[in-house]
Amino acid sequence: MEVSTRVELRNLRYRDYIGLKEAMVQAYSGLGGMVWEEASIKRLLKKFPEGQLCVIVDDKVVAAALSIIVDYKKFGDNHTYRDITGNEEFDTHDPNGDVLYGIELFVHPDYRGMRLGRRLYDARKELCENLNLRAIIVGGRIPNFKDYSEELTPREYIQGVKQKEIYDPTLTFQLSNDFHVKKILRRYLPGDTDSKEYATLLQWDNIYFQEDEMLINKPKEVVRVGLVQWQMRLFDNFDALVQQVEYFVDSVSNYKSDFILFPEFFNAPLMAEFNHLDEPVAIRELAKYTEPLRKKFMELALAYNVNIITGSMPIVEKNKLLNVAYLCRRDGSCENYYKIHPTPSEVSAWGMVGGNKLRAFDTDSGRIGILICYDVEFPELARIYAEQGVQILFVPFLTDTQNGYNRVRLCSMARAVENECYVAIAGCVGNLPKVNNMDINFAQSAIFTPSDFQFPTNAITAEATPNAEMTIIADVNLELLKELHQFGSVQNLKDRRKDLYEVVYKKRKRKKVVKE
């Protein structure tokens, strides 16, 4: 009796996860049966359901290909798997991007003679063409390199595979599917011992790609940044403080600024009415103004057509006191960043705790990061941002003495050099006698640059007069950063010895998976 086999290629569904997991365990049985977690698959399906493909044989998931869309110029050819997937959070997925990036492809070992991988690659190509993306890019393992690494370099090994003198189960398959090797990557996927932590960066070009000419909203090369050096003063009420905020937004936006940065705890004057209370209680009362201020900033960002980094404000969430900054974009969207390192005095006086998330923010004027005051004194955070492609780092701060200010200033200048980015800092000045812990303030707001021929010799684009209320407005050229990355006199990001050290962002424990 003849048994028929039914094969179906379709988009992956959430209910397929159990079958997907079983197939992955078998596909990677020689490597511990590592699998994608259910939460990761759920995020992918939510962000980009069209890009998640699977093959069903007789109602059983036996193969899958997972993809995201990225704006490839934000990453370039020197990236890692962690960079491209945003630490497997997939915040790097951009529906308006130009490249379909393959992040996974596997076939159950019992079904590897059915050419299911080719079906999945053909479906990816069709998807790429239908979405009018210019290319498919993947980071490919070279698992058989372990057998040749004593006698061949990675380049020689790849050349041998191209000439069909060597068989590699991954690279041979990809080359037969019209992919070409763009580059050899090191430490693309840490822990891939079979490939000796090397990978090939491969590309398939969509010959039907039609580039849309942008007539408006082109990516900016030159970005205008405005900083508010805020004078601490008592206000009669909340509306009076908002009026002063709007004055600065109006003034800076009149110069066609793309960003406005306010300082840390600029709203502290509102705490004066609670000065009779214990300090932990008073700061929590101040936190009640945070949501109304956030809403007002969102209104101002829309009304004045400017992206606003709101400075920082206290907020209570789940009975915990945190320090939050908001990015209010001029398109009406809003995201937040929680200060990761509260200072010892913030912990002892207020009981403040730190946040635990760090990710870059995309805007219409470049990719930015936010670090609040003390955070900038921890170089690991800025380095993680650099690996996420941040071009401008915004640092709202509040310091009482020149010693404290210099810690923020000197560390910010170092972060600009180390990470080849711009760093903008804005602080409060003046006295606030009726508010505990906020009575004196010192600041000199500034915009710092890397230190090379393309930039000012003192690595400062602009800086304010010390301890005077004012704004500074200056342009920063994002194209100069690209030039620096490739042709700088020194190349701090490229020249890191990742064979000796690296900065790892620990989010939560998750099983690692073997990629394409």
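## Briefing: a predicted protein chain and its aromatic contacts

Of the contacts in the protein chain with a separation of 6 or more, 72% are between residues 24 or more positions apart. Please keep in mind that this is a predicted model. Its secondary structure comes to 13 helices and 21 strands. The radius of gyration is 26 Å, close to the 24 Å that the globule rule gives for 516 residues, so the chain is as compact as a globular protein of that length.

**Overall dimensions and surface**

- Along its principal axes, the C-alpha trace of the protein chain spans about 90 × 50 × 45 Å.
- Buried residues make up 53% of the 516 residues in the chain.
- The protein chain exposes about 24000 Å², and carbon and sulfur atoms supply 48% of that area.
- On the charge side, the chain carries 66 positive and 73 negative side chains, and the centres of these two sets lie 3 Å apart.

**Aromatic pairs**

- Searching the whole structure turns up 22 aromatic pairs.
- One of them joins Phe259 and Phe394 in a tilted arrangement, 5.1 Å centre to centre with 50° between the planes.
- Phe259 belongs to strand E9 (residues 259-261) and Phe394 to strand E15 (residues 392-396), so this pair ties together parts that are 135 residues apart in sequence.
- Phe259 is buried, with a relative accessible area of 0%, and Phe394 is also buried, with a value of 0%.
- Phe397 and Tyr405 form a tilted pair too, at 5.8 Å centre to centre and 45° between the planes; both residues are buried.

- Helix H11 (residues 379-387) is mostly covered, with seven of its nine residues buried.
- Those buried in H11 are Leu381, Ala382, Arg383, Ile384, Tyr385, Ala386 and Glu387.
- The cover over these buried residues includes two helices, H3 (81-85) and H12 (402-419).
- Strands also contribute to the cover of H11, including E12 (334-338), E13 (361-363), E14 (366-370) and E15.
- E15 thus turns up in two places here: it is part of the cover of H11, and it holds Phe394 of the pair with Phe259.
- Just after H11, Gly389 takes a positive phi of about 85°.

Key:
Residues are numbered from 1 along each chain as its sequence is written. This is a predicted model: local features need pLDDT of at least 70, side-chain atom pairs count only at pLDDT 80 or more; totals for chains, interfaces and linings use all residues. Side-chain values use heavy atoms; hydrogens and water are left out. Helices (H or I, at least four residues) and strands (E, at least two) are DSSP runs, numbered from the N terminus. The radius of gyration is taken over C-alpha atoms; the globule rule is 2.2 Å times the number of residues to the power 0.38. Buried means under 20% relative accessible area, exposed over 50%, partly exposed in between (1.4 Å probe, protein chains only). Contact means heavy atoms within 4.5 Å. Accessible areas come from the Shrake-Rupley method with a 1.4 Å probe; for residues, only the protein chains shown count as cover. Lys and Arg count as positive and Asp and Glu as negative; His and the chain ends are not counted. The place of a charge is taken as NZ of Lys, CZ of Arg, CG of Asp or CD of Glu. Rings of Phe, Tyr and Trp (its six-membered ring) pair if their centres lie within 6.5 Å; planes under 30 degrees apart count as stacked, over 60 as edge-to-face and the rest as tilted.
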